[in-house]
Amino acid sequence: MSISMYAISVPAYQQMLTSLDVVLGRAAEFAGASGLDEGELMGRRFAPDMLNLAEQIRQACLHATLAVARLANVAPPEINMEPDADIASAQTRIADTIAFFAGISADAMEGDPDREVQVKTRLEELTFGALEHLVHFANPQVFFHVTTAYDLLRAEGVQIGKIDFMGKPMQDKVAALNQG
């Protein structure tokens with residue numbers, strides 16, 4: 001059995017980013033009710049050397065977009081490299097990222113799982129096999145940044161739980177169990 005690079009990336013990225021969009025909606029409600037300035041919330045970070053919430057969201061979208069574009073061998077859409085100042089802007093970024101995925105077919109991402117993929121990082125250019133790139137670089141990057149954004153919101157007091165992080169697929173499973 002071969003593994004589909006599309007199946008282990010795009011659906012997971014859609015799930016994680018959609019969940020992030022939902023918890024950001026809850027964060028906007030929280031900010032409004034508590035009087036917390038959204039700009040301040042977007043600037044929150046756990047430690048001085050960590051990226052803030054806005055940058056965690058930008059990085060999650062950036063890594064997902066670039067991974068899919070690399071493997072589909074298409075140019076990525078123009079990406080705003082500035083972090084978002086408010087929740088609505090971050091949600092637009094997420095929506096744009098998910099919309100990009102809609103234009104990518106599963107077939108476009110398949111091919112030789114060992115084909116070379118070049119990734120420019122702030123340290124140097126790295127070379128991966130395509131599947132290795134997904135499993136050991138792109139997926140961990142996306143999941144790390146989404147998780148950190150979720151954790152920042154939770155630490156600020158936004159009432160979200162693991163099922164919110166897991167998103168609609170898990171919520172549907174739990175709803176089915178509760179109905180049965």
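Is the crossing of helix 1 and helix 4 left-handed or right-handed?

1. The crossing of these two helices, helix 1 and helix 4, is left-handed. This is a predicted model, and the points below should be read with that in mind.

2. Helix 1 covers residues 10-34 and helix 4 covers residues 87-102. Their axes lie 10 Å apart, and the packing angle is about 160°. Angles over 145 degrees count as roughly antiparallel, so helix 1 is roughly antiparallel to helix 4.

3. On the side of helix 1, the contact is made by Val10, Tyr13, Gln14, Leu17, Thr18, Leu20, Asp21, Leu24, Gly25, Ala27 and Ala28. Helix 4 contributes Ile87, Ala90, Gln91, Ile94, Thr97, Ile98 and Phe101. Sorted by class, the residues in this contact are 12 nonpolar, 5 polar and 1 charged.

4. Asparagine 52 has a relative accessible area of 15%; under 20% counts as buried, so asparagine 52 is buried.

5. The side chain of asparagine 52 has polar partners in the backbone. One is the backbone nitrogen of alanine 54, reached at 3.2 Å. Another is the backbone nitrogen of glutamate 55, which is 2.8 Å from a polar atom of the asparagine 52 side chain.

6. Which residues does asparagine 52 touch, not counting those up to four places away in sequence? They are Met42, Gly43, Arg44, Arg45 and Leu152.

How values were computed. Residues numbered from 1 in each chain as written. Predicted model: local features only at pLDDT ≥ 70, side-chain atom pairs only at ≥ 80, totals over all residues. Heavy atoms only, no water. Axes fitted to C-alpha atoms, helices over the stretch in contact; angles between N-to-C directions. Helix = DSSP H or I, 4+ residues; strand = E, 2+ residues; numbered from the N terminus. Parallel < 35°, antiparallel > 145°, perpendicular 65-115°, else oblique. Left-handed = near helix turned anticlockwise from the far one by under 90°. Contact = heavy atoms within 4.5 Å. Nonpolar A, V, L, I, M, F, W, Y, C, P; charged D, E, K, R; others polar. Buried < 20%, exposed > 50% of the residue type's maximum accessible area, 1.4 Å probe, protein only. Polar contact = N/O pair within 3.5 Å; in protein donor to acceptor, adjacent residues only side chain to side chain.
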